[in-house]
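Keep the structure open as you read.

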Amino acid sequence: MPGTGLWRTKTVEQSIADTDEPDTKLRRNLTAWDLTVFGVAVVIGAGIFTLTARTAGDLAGPSVALAFVLAAIACALAALCYAEFASTVPVAGSAYTFSYATFGEFIAWIIGWDLVLEFAVGAAAVGKGWSAYLQVVLGYIFGPDVKTTVEVAGLTVDWGALLLVVILAWLLTMGTKLSSRFSLVITSIKVAIVLFVIFFGLSFVKGENYTPFVPEAASAGTTGSTGVDQTLFSALAGGETSAYGVFGLLAAASLVFFAFIGFDVVATTAEETRHPQRAVPRGILGSLAIVTVLYVGVSLVVVGMLPYKELATTEDGSSKTLATAFSANGVDWAANVISIGALAGLTTVVMVLLLGQIRVLFAMSRDGLLPRGLAKTGKHGTPARATLIVTIMVGAAATFFEAGKLEEMVNVGTLFAFILVSAGVLVLRKTRPDLPRGFRVPWVPVIPVLAILACLWLMLNLTILTWLRFLAWMALGVIVYFVYSRRNSLLGKRMKDDADNRVS
């Protein structure tokens, strides 16, 4: 176990050996198909139903399709690195576990803390969106007076989001295979509706709506994308705003990156996969390929159906969705179908984000960086205690807090994780060239370096306010590490025992 103090690393062999501990053993019953379903299930959801129209109207115009392509390229580069790591270290925890084997305990803790931000905040944000769509669907059945929120003692309680989190947490406790079967059914429904949007929407597309493809940049004072709401890159480059123009396109790519978040969750299930060396790379890359084609298709159709300015957020803060484009073309029934599809789509997004959060918490607890009791598995072979903690945490956030800027908060955390995983491939290739790798990233070091640069580029195109919130969260994580995690680290205790034995 090389390294000391903050930089002590946990060997790949030790990580794999820890998966056989009886009290913390997960069941291996997932296949490559299950992982692909999980990937598509979590990626197709909030982005395609809520981000596409709004991003086109507020930032990119018709070039939103190109923004999806740019985000997909960055994801594909990082996905190749995830695939190699997951096939080499088939252990729960994803980027956290990979970092522990390459950069040391402190960086592993930071990335684990970062993944808490990604998965928990993401699940809460999408849960809020799910509740909003539930209210729309219930309105079709029971009338417009039905609400998924109630006022209690001056607080707005979102019972719809809470109900979703509790039910999905119960499913995850009952077994990962059962969750995969449920996910397959719901994912099939939403993919069918996405295909409906593309092929039915084509009949309403007008060529003039694609001109100009990249609209002229908005002037300062005409948009909210100024000050701390302006992208960091736009501010550094001297741009007045980050709405429309080249800066708007780049800002849109960073924002729609949220729509791709989830393929990395596939890596967190490596420990529960029958043949992880083959299945995990196929699940990661297969799901990413499928959703990229669907996203580009939907974005081209929605901006072709309606002039992009009619998709912009209104002065009262109301955002436009895919349903807006169909309603504007007099096809209200299609808008209703899309709302039902969004409800189904967001269901599996929340479920797989919860799964990722639970597995990261499980891995950190098994290493002693969080209380070890959270890593104990129940009769169904799942970490029931970690599931309960995550349910309380995400349920509270989704029930009582506004969604606000949660998408961007998730983006900055995910991009940071992608950078460390991509760099980790380079480190492990040099320090452990002997390790068996079920999948190898081609053209090393070119691909990992490009992945790092692409993710840094996207991070620079997030808002200054997002960066400030991210740095505050990271600072809190550092405090927790030095107060609790460093002293309770299982790896640290093992190294101390080894040192004591050598002395005696």
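Start with a nonpolar surface patch of about 490 Å², made by Leu 66, Val 69, Leu 70, Ile 73, Phe 213, Val 214 and Leu 300. To be in a patch, a residue needs over 30% relative accessible area and no salt bridge; like charges are joined within 9 Å, and nonpolar side chains (Val, Leu, Ile, Met, Phe, Trp, Tyr) within 5 Å. Areas come from the Shrake-Rupley method with a 1.4 Å probe, and for residues only the protein chains shown count as cover.

A word on ground rules: this is a predicted model, where local features need pLDDT of at least 70, side-chain atom pairs count only at pLDDT 80 or more, and totals for chains, interfaces and linings use all residues. Residues are numbered from 1 along each chain as its sequence is written, and side-chain values use heavy atoms, with hydrogens and water left out.

Back to the patch: its largest share, four residues, comes from helix α4 (residues 64-88). Helices (H or I, at least four residues) and strands (E, at least two) are DSSP runs, numbered from the N terminus. Leu 300 sits in helix α12 (residues 276-305) and, at 34% relative accessibility, counts as partly exposed. On this scale, buried means under 20% relative accessible area, exposed over 50%, and partly exposed in between (1.4 Å probe, protein chains only).

Trp 443 isn't a glycine, yet it has a positive phi of about 55°; with a relative accessible area of 67%, Trp 443 is exposed.

Next, look at how α6 (residues 105-142) meets α7: their axes come within 8 Å and cross at roughly 115°. That makes α6 roughly perpendicular to α7. Axes here are lines fitted to C-alpha atoms, for helices over the stretch in contact, with angles from 0 to 180 degrees between N-to-C directions; under 35 degrees is roughly parallel, over 145 roughly antiparallel, 65 to 115 roughly perpendicular, and the rest oblique. Helix α7 (residues 159-174) also holds Trp 170, which is exposed at a relative accessible area of 52%.

What about charged pairs? The whole structure has 14 salt bridges, each a side-chain nitrogen of Lys or Arg within 4 Å of a carboxyl oxygen of Asp or Glu. In one of them, Arg 429 meets Glu 84 at 2.9 Å, N to O. Arg 429 lies in helix α16 and Glu 84 in helix α4, so this pair ties together parts that are 345 residues apart in sequence. Arg 429 is buried at 18% relative accessibility, and Glu 84 is buried at 3%.

Lys 128 pairs with Asp 158, their closest N and O atoms 3.5 Å apart. Because Lys 128 is in helix α6 and Asp 158 in strand β2 (residues 155-158), the bridge ties together parts 30 residues apart in sequence. Both Lys 128 and Asp 158 are buried.

Finally, Lys 10, Asp 18, Glu 21, Asp 367, Arg 372 and Arg 494 are linked in a network of salt bridges.
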